[in-house]
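Please have a look at the structure before reading on.

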Amino acid sequence: MKLRFKHQKFQADAAKAVVDVFAGQPYLTPSYMMDRGSDDYQISITEDGIYVGGRGYKETIRGFVSLMELIFCYGKGDYRAECEVTRDKARLSFRSTHLCFFPENTVEEMRRVIRACGMAKYTHIVLEFWGCLKLDCLKELSWNNAYSKEEIADIIREARGLGVEPIPMFNHLG
């Protein structure tokens with residue numbers, strides 16, 4: 001499975017912190033595969049390394065999020081994870097929240113909320129724009145400082161990258 005990442009400093013800093021946890025451990029190619037069973041993902045933490053695998057992209061992302069939950073900080077720069085094997089699956093196939101975009105919200109605030117939803121393993125997020133998306137027709141139906149389609153497309157790509165499926169909701173008359 002090919003994973004693609006857009007370089008962003010906060011992500012690079014977070015990735016470095018995770019990598020630093022495992023500094024000095026030898027690189028090993030796992031000699032085992034995930035026991036598919038009925039689980040969506042598997043995390044295996046041994047003295048030799050870490051394996052995260054999933055049935056597909058979203059399940060693998062959930063495995064990585066779950067791995068982050070297993071890492072504890074015992075002091076500045078002292079991050080550890082106990083050796084264990086975890087097999088799990090989502091208990092709910094539809095776990096969602098509703099996020100309203102208001103004129104006073106910034107794109108970065110919306111991104112932070114969506115990232116939190118990804119880390120909380122939401123499967124879907126309803127995005128309601130409240131006149132905050134610039135429309136091609138009837139421009140008077142959106143605020144002057146409304147988001148562009150490009151800004152919203154970036155937010156949607158980021159949500160999907162976290163394994164969260166966006167559901168757009170538009171207000172209308174009638």
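1. Is Phe102 buried, partly exposed or exposed? Phe102 is partly exposed, because its relative accessible area is 32%, and buried means under 20%, exposed over 50% and partly exposed in between (1.4 Å probe, protein chains only).

2. A word on the source: this is a predicted model, in which local features need pLDDT of at least 70 and side-chain atom pairs count only at pLDDT 80 or more, while totals for chains, interfaces and linings use all residues. Residues are numbered from 1 along each chain as its sequence is written, and side-chain values use heavy atoms, leaving out hydrogens and water.

3. Rings of Phe, Tyr and Trp (its six-membered ring) pair if their centres lie within 6.5 Å; planes under 30 degrees apart are stacked, over 60 edge-to-face, and the rest tilted. That rule gives three aromatic pairs. Phe101 and Tyr147 are edge-to-face, because their planes stand at 85 degrees, with ring centres 5.4 Å apart. Both Phe101 and Tyr147 are buried.

4. Phe102 and Trp130 make a tilted pair, at 5.8 Å centre to centre and 35 degrees between the planes. Trp130 is partly exposed, with a relative accessible area of 40%.

5. Phe101, Phe129 and Tyr147 together form one aromatic cluster.

6. Two charges are also worth a look. A charge sits over a ring if NZ of Lys or CZ of Arg is within 6 Å of the ring centre and within 35 degrees of the ring normal. Arg80 lies over the face of Tyr74, 4.3 Å from the ring centre, and the charged end of Arg95 is over the ring of Tyr122, 4.6 Å from its centre.
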